[in-house]
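Here is a short note on the charged side-chain pairs in this structure. Please read it with the sequence and the 3D view open.

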Amino acid sequence: MRETTRDLLDKMERGDRRSLARLMTIVENREAETAEIMSAVHGRGAAAVIGITGPPGAGKSTLLDALTGELRRSGRSVGIVAVDPSSPFSGGAVLGDRIRMQSHFLDEGVFIRSLSARGNVGGLARASRDIARLLEAAGKDVVIVETVGVGQSELDIMRLADTVAVVLVPEAGDTVQAMKAGLLEIADIFVVNKADRDGAEKMRVELEQMLHLRPADGWEVPVLMTVATGGKGVAELLKALDAHRTYLSSSGVGQKRDAIGRHNEFVSVLRDELSRRIQRAMGDDRFGSLLARVERGEVDPYGAALEAVGDRDLVARLLARAEDAG
Ligand SMILES: Nc1nc2c(ncn2[C@@H]2O[C@H](COP(=O)(O)OP(=O)(O)OP(=O)(O)O)[C@@H](O)[C@H]2O)c(=O)[nH]1
Ligand SMILES: [Mg+2]
């Protein structure tokens, strides 16, 4: 590990915000030290990781802001990751999140990071997870990840959370949309926000009916009502989040989920490392000559790929070469 990286990690653990931000940038950009950094921080900290998702404009950020206030009053430090999978740019909704969080901007106990897709939606789930881990390693008691939207990338991102709160609003069709989008499966807690509007109670009943159709397990998904703008129902939301955390540890479900998470993470990091090495190895002489034959059409791409992975000597050289380069 490079001296500067070690130094950044030490400083981050002592609470230095600039080092934390620098590490986040390295990890977000998947720079070469990423795997080493993530390995070094593994198992550090014990944050409750909460995911907040739901359709655009449901009031997630407003709710997050109120929840952060509630957490701070109870003496807990908070890390926030605001993810916008739809935006290739920083700004827009993300900028809006920043502005809404201004009440916590100067609070040393709160750290906020915005993330956008930057044309790489696939990497966003991983970057979000790793950044949440850094916040945890930096000693945050609670890490909250907000995603905008209801697509597959949001669902992928939510997998990093111990507890997922799905925020909906009492508008026609929202319940059905939520069903279709797979939100019913990932929700540990439902929040009907904007409960000051018509139809909130009707929606709560609809959601509860739908939840009853699910096979019962040890956790009964609560449907809460909030008015995020006035902070109404936020204390109850925090209670439900804490109750779910207690459920995860006392039932053993949390341990099982963690084991599955670690398994998947190992596989994905391995796949990542290998493909990174293959990319680097394109310059290797023997690989290059095989590639040239593929380009000339002398050997078909499938056949060539099988030939490459079947050639132990070539594989060993590729990996060794990548090591040298890395
Ligand atoms: N009436 C009412 N308005 C609310 C409530 N909560 C949030 N809003 C308003 O709804 C709008 C959207 O709120 P946001 O917190 O930005 O919603 P969001 O889900 O984070 O939005 P995106 O991140 O863009 O998806 C803002 O104008 C809020 O002031 C509520 O409980 N009642
Ligand atoms: Mg938002």
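**Notes on the salt bridges**

1. Asp-10 and Arg-6 form a salt bridge, with 3.8 Å between the closest N and O atoms. A salt bridge here is a side-chain nitrogen of Lys or Arg within 4 Å of a carboxyl oxygen of Asp or Glu. Both residues lie in helix α1 (residues 3–13), four residues apart, about one turn of the helix. Helices (H or I, at least four residues) are DSSP runs, numbered from the N terminus.

2. The model is predicted: local features need pLDDT of at least 70, side-chain atom pairs count only at pLDDT 80 or more, and totals for chains, interfaces and linings use all residues. Residues are numbered from 1 along each chain as its sequence is written, and side-chain values use heavy atoms, with hydrogens and water left out.

3. Asp-10 is partly exposed at 32% relative accessibility, and Arg-6 is partly exposed at 35%. Buried means under 20% relative accessible area, exposed over 50%, and partly exposed in between (1.4 Å probe, protein chains only).

4. Arg-30 and Asp-130 also meet in a salt bridge, at 2.9 Å from N to O. Arg-30 is in the loop between α2 (17–28) and α3 (34–41) and Asp-130 is in helix α6 (residues 121–137), so this pair ties together parts 100 residues apart in sequence. Asp-130 is buried, at 2% relative accessibility.

5. Arg-159 pairs with Asp-156 in a salt bridge of 3.0 Å, N to O. Salt bridges with shared partners join Arg-30, Arg-129, Asp-130, Arg-133 and Glu-265 into one network.

6. How many salt bridges does the rule give? The count comes to 21.

How values were computed. Chains lettered and ligands numbered in written order. Helix = DSSP H or I, 4+ residues; strand = E, 2+ residues; numbered from the N terminus.
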